[in-house]
Structure formats: C-alpha cells, structure tokens
Amino acid sequence: MTTQEPSSREDEYFLRMDAQKIDKMRADLDKTRGEESRQKRKETHWMKCPKCGADLSEVNYQNVMIDTCNECKGIWLDHGELELLAKGEAKFSKRLLNRVFG
C-alpha cells in the first residue's frame, strides 16, 4: 500500500479554508463582544442624567414621556419627542415648565 503526500495545491486549499474559518470565528467573536459591550453600556447609563449622573424620572406631557432629573432639574428628550411637542399646542413651553418644575 502506498501513501501519497499532499500536493502543494492541497496544502494551499486547506490553508485557505483554515484562514476563512478563523476569519469567520473572529468576526463572530467581534460581533458578540460588540453586543455585550453595548448591552453593558445600556445597563450602566439607562435612565441616568447625562449631566450629573442621577436617576431620571419620566413625566407624561401631551402623551410624550419626558425624562427629568430630580437633582439638577435637567429635561431630556428622546429622538423625535421635540417634534411631537412642537406639533402640540402653541403654549406648550409655559405649561410644560410649570408642570415639570411647578
């Protein structure tokens, strides 16, 4: 019985296949790490005031949930909430400030 040694083309093929597997494993690991990092940042900063770091509370105004800080009295709006408020009544700013700070 004779054994054949792999040709250089076979070696190249298996090296290329191994490199592709390693690249895929790296990409999957990077994706997993990125998702874990994003989730950890969200857990750390969720409903925290960007200015002072205190907890935020939500105030419902014209069916828009506005985040307010109990410490520094900051008001924080999520994406699109300012536009929703602007579409509401013209006197929203005075009533809003009275409701939040009143």
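Me: If a salt bridge is a side-chain nitrogen of Lys or Arg within 4 Å of a carboxyl oxygen of Asp or Glu, how many salt bridges does the count come to by this rule?

Reply: Side chains of opposite charge can pair when their charged atoms come close. By this rule the count comes to two salt bridges. This is a predicted model, in which local features need pLDDT of at least 70 and side-chain atom pairs count only at pLDDT 80 or more, while totals for chains, interfaces and linings use all residues. Residues are numbered from 1 along each chain as its sequence is written, and side-chain values use heavy atoms, with hydrogens and water left out.

Me: Which side chains meet in a salt bridge at 3.1 Å, N to O, and in which helix do they lie?

Reply: They are the side chains of Lys24 and Asp28, and both residues lie in helix 1, four residues apart, or about one turn of the helix. Helices are DSSP runs of H or I with at least four residues, numbered from the N terminus. Lys24 is exposed at 54% relative accessibility, whereas Asp28, at 38%, is partly exposed; buried means under 20% relative accessible area, exposed over 50%, and partly exposed in between, with a 1.4 Å probe and protein chains only. In the salt bridge between Lys48 and Asp55, the N to O distance is 2.5 Å, and here Lys48 is partly exposed at 34%, as is Asp55 at 48%.

Me: Is Glu81 buried or exposed, and which residues does Glu81 touch?

Reply: Glu81, placed in helix 2 (residues 81-86), counts as buried because its relative accessibility is 10%. Not counting residues up to four places away in sequence, Glu81 touches Val64, Met65 and Trp76, where contact means heavy atoms within 4.5 Å. A polar atom of the Glu81 side chain also lies 2.7 Å from the backbone nitrogen of Asp78.

Me: How is the pair of rings of Tyr13 and Phe14 arranged?

Reply: A pair of aromatic rings is described by the distance of the centres and the angle of the planes. The structure holds one aromatic pair: the ring centres of Tyr13 and Phe14 are 5.2 Å apart and the planes stand at 75 degrees, so the pair is edge-to-face. Rings of Phe, Tyr and Trp (its six-membered ring) pair if their centres lie within 6.5 Å, and planes under 30 degrees apart count as stacked, over 60 as edge-to-face and the rest as tilted.

Me: Which element has the lowest mean pLDDT?

Reply: That is helix 3 (residues 92-101), with a mean of 63, while helix 1 (residues 8-45) has the highest, 90; pLDDT is the predictor's confidence in each residue, from 0 to 100. The protein chain averages 82, and 82% of the residues score at least 70. Where pLDDT is low, the predicted coordinates should not be read in detail.

How values were computed:
Helices (H or I, at least four residues) and strands (E, at least two) are DSSP runs, numbered from the N terminus. A polar contact is a pair of N or O atoms within 3.5 Å; within protein, one must be able to donate a hydrogen and the other to accept it, and residues adjacent in sequence count only if both atoms are side-chain atoms.
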